[in-house]
Amino acid sequence: GTMSGYVVDAVSEIIGDIGKKYAELCAQNQALPTNKLVATALAALKGQKNPSIKRPRWLFVDEFQDTDFEQMDLLTTIRADFNARLFVVGDIKQAIYRFRGAGTGGSAFEELDFRLNNEKKKSGLEFNLVNYKLVRNFRSGKPLLDSLHPYFKAWASSEPQLLNYGDSDRLTPDVAKNTLGSKIKLKESTN
């Protein structure tokens, strides 16, 4: 019977009412909230033996480092069911969506490699997994890239490891932009 208890009850009721109204609006407008798109697509694919959609030959995924487990399920299902070739591009140093499940327990690249190798063993199918490292940087100059390298190496040797990074991952500047950028110095937070 405290004031805070009444506030919590009132807010809970309001949020529940908003959720119901939102669900009704989605149903009326045949709309899906963004957090249901991947799950709905995956359920639709798995629910049909022969989906009546044109089979994709290629799947291209940019910013792959931010792929979460549900999105990974969708990609690997499409790849397997349609025998599509999968091409992914991303930079693990730019992974910003761990808070929503992307790259948890390692990188999205490691997870994809693990899943495809398991699929290969189970199915007996032959397909090649090819990894290319793209280390040429067209946006930043040598001073900036050289000043970031020690931080990336430190994150790679931290416990827990924050980044899978070694000398072969070092970014090199495009020769035409060699002088762009300046060194940075990160300061420790006093908080």
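This is a predicted model: local features need pLDDT of at least 70, side-chain atom pairs count only at pLDDT 80 or more; totals for chains, interfaces and linings use all residues.
Start with the pocket. Probing gives the largest pocket a volume of about 1,900 Å³. Its lining takes in 47 residues, and those nearest the centre are Val 88, Val 89, Gly 90, Phe 109 and Tyr 132. By residue type, the lining splits into 24 nonpolar, ten polar and 13 charged. Four elements each put at least two residues into this lining: strands β2 (85-88) and β3 (136-137), along with helices α4 (108-123) and α5 (142-157). Of these, α4 hands over the largest share, at five residues.

Strand β2 also has a partner elsewhere in the chain. It runs parallel to β1 (residues 58-61), and four bridges hold the two together. One of the residues nearest the pocket centre, Val 88, turns up again here, as the bridge partner of Val 61.

Back in α4, the helix with the largest share of the pocket lining, sits Ser 123. Its relative accessible area comes to 38%, so Ser 123 counts as partly exposed, given that this class lies between the 20% and 50% cut-offs. In space, Ser 123 lies 10.0 Å from Ala 80, C-alpha to C-alpha, with the two set 43 residues apart in sequence.

Technical notes. Residues are numbered from 1 along each chain as its sequence is written. Side-chain values use heavy atoms; hydrogens and water are left out. On a 1 Å grid over the protein atoms alone, a cavity is a set of points where a 1.4 Å probe fits but cannot get out, and a pocket is an open set with protein on both sides within 12 Å along at least five of seven lines; lining residues have an atom within 4 Å of a point. Grid points are joined across faces, edges and corners, and a volume is the space filled by probe spheres set on the points. Ala, Val, Leu, Ile, Met, Phe, Trp, Tyr, Cys and Pro count as nonpolar, Asp, Glu, Lys and Arg as charged, and the others, Gly among them, as polar. Two strands pair if DSSP finds at least two bridges between them. Buried means under 20% relative accessible area, exposed over 50%, partly exposed in between (1.4 Å probe, protein chains only).
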